Amino acid sequence: MNKPKFIKSPDILRTNRVPPGQHVTERWPTLHHGQTPQIDTKSWQFRIFGLVDEEKTLNYDEFIALPNIKVLSDIHCVTTWSRLNNLWEGISTSVLKDLASIQAEAKYVLVHAAGGFTTNLSLEDFFAEDVLFALKHDGQPLSSEHGGPVRLVVPRLYFWKSAKWVNGIEFLDKNQPGFWEAGGYHMHGDPWKEERYA
Ligand SMILES: Nc1nc2c(c(=O)[nH]1)N[C@H]1C(S)=C(S)[C@@H](COP(=O)(O)O)O[C@H]1N2
Ligand SMILES: [Mo]
């Protein structure tokens, strides 16, 4: 396999890397709604649907065989902790453009995860070059608590947009609130603008 392309999230190049109202922690807390699902990679499926010419489903082996990238990024959780220098390895969201023909009306995605969890992103935020479906963190396979086998990582937005146990992407013409967004979190979630709650 080719050497994974290495991408630095632009936010790690800032002189001040800690957004307003945040404090740095060394540990990595675990946060999510409900129980940690135990996901069997043998039955895991990834579905690309919504505003695409043809819906597509990949199994785990097909998914992990896609070209890998590495991304170095900071985590900013809306509950005010930040964790700097996280090395992620996985599959760039941009590969979806080759896997499915996305219709011109599509302007947003709804990210789907186990247990019915969802989160919404604009196409621009979803396809930013530092956004990936992570399989590893700091060289280790992602634990189930942190979203393994596959989680989305959206480095430039608050961490609730980084859906754990992801299993599908739905392309939409409207910005539809996801789980936390419907509960009062901001539709966008830029930590540098403190877009915490709506
Ligand atoms: N599937 C799923 N993903 C989720 C959540 C969730 O409730 N369900 N919570 C989000 C929130 S609010 C945060 S802060 C991060 C926490 O990720 P971590 O436990 O790996 O630190 O996961 C995000 N992804
Ligand atoms: Mo969160």
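Predicted model: local features only at pLDDT ≥ 70, side-chain atom pairs only at ≥ 80, totals over all residues.
Reader: Which residues lie nearest the centre of the largest pocket, and how much space lies in it?
Author: The lining comprises 29 residues, divided into 17 nonpolar, 10 polar and 2 charged. Nearest the centre are Leu-31, His-32, His-33, Phe-117 and Trp-180. The space in this pocket is about 470 Å³.

Reader: Which residues come nearest to ligand 1?
Author: Ligand 1 has 19 residues around it. By class, this shell has 12 nonpolar, 5 polar and 2 charged residues. Those that come nearest are Pro-29, His-33, His-146, Arg-151 and Lys-164.

Reader: How far does a polar side-chain atom of Lys-164 lie from an oxygen atom of ligand 1?
Author: Polar contacts are counted within 3.5 Å. A polar backbone atom of Leu-31 is 2.8 Å from an oxygen atom of ligand 1, and a polar side-chain atom of Arg-151 lies 2.7 Å from an oxygen atom of the ligand. For the polar side-chain atom of Lys-164, the distance to a ligand oxygen is 2.5 Å.

Reader: How many charged residues are in the lining of the second largest pocket?
Author: About 180 Å³ of space lies in this pocket. Its lining includes Glu-124, Asp-125, Asp-130, Arg-156 and Asp-190. By class, the lining has 5 nonpolar residues and 1 polar residue, and the number of charged residues is 5.

Reader: Where is the cis peptide bond, and what is its omega?
Author: Most peptide bonds are trans. Here the bond from Gly-148 to Pro-149 is cis, and Pro-149 is found in the loop between strand S10 (140–141) and strand S11 (151–153). Its omega is near 10°.

Reader: What is the phi of Thr-80?
Author: Most residues other than glycine have a negative phi. Thr-80, placed in the loop between strand S5 (68–76) and strand S6 (81–92), has a positive value. Its phi is near 90°.

Conventions: Residues numbered from 1 in each chain as written. Chains lettered and ligands numbered in written order. Heavy atoms only, no water. Near = heavy atom within 4 Å. Polar contact = N/O pair within 3.5 Å; in protein donor to acceptor, adjacent residues only side chain to side chain. Nonpolar A, V, L, I, M, F, W, Y, C, P; charged D, E, K, R; others polar. 1 Å grid on protein atoms, 1.4 Å probe; cavity = no way out; pocket = protein on both sides within 12 Å on 5 of 7 lines; lining within 4 Å. Points joined across faces, edges and corners; volume = space filled by probe spheres on them. Helix = DSSP H or I, 4+ residues; strand = E, 2+ residues; numbered from the N terminus.
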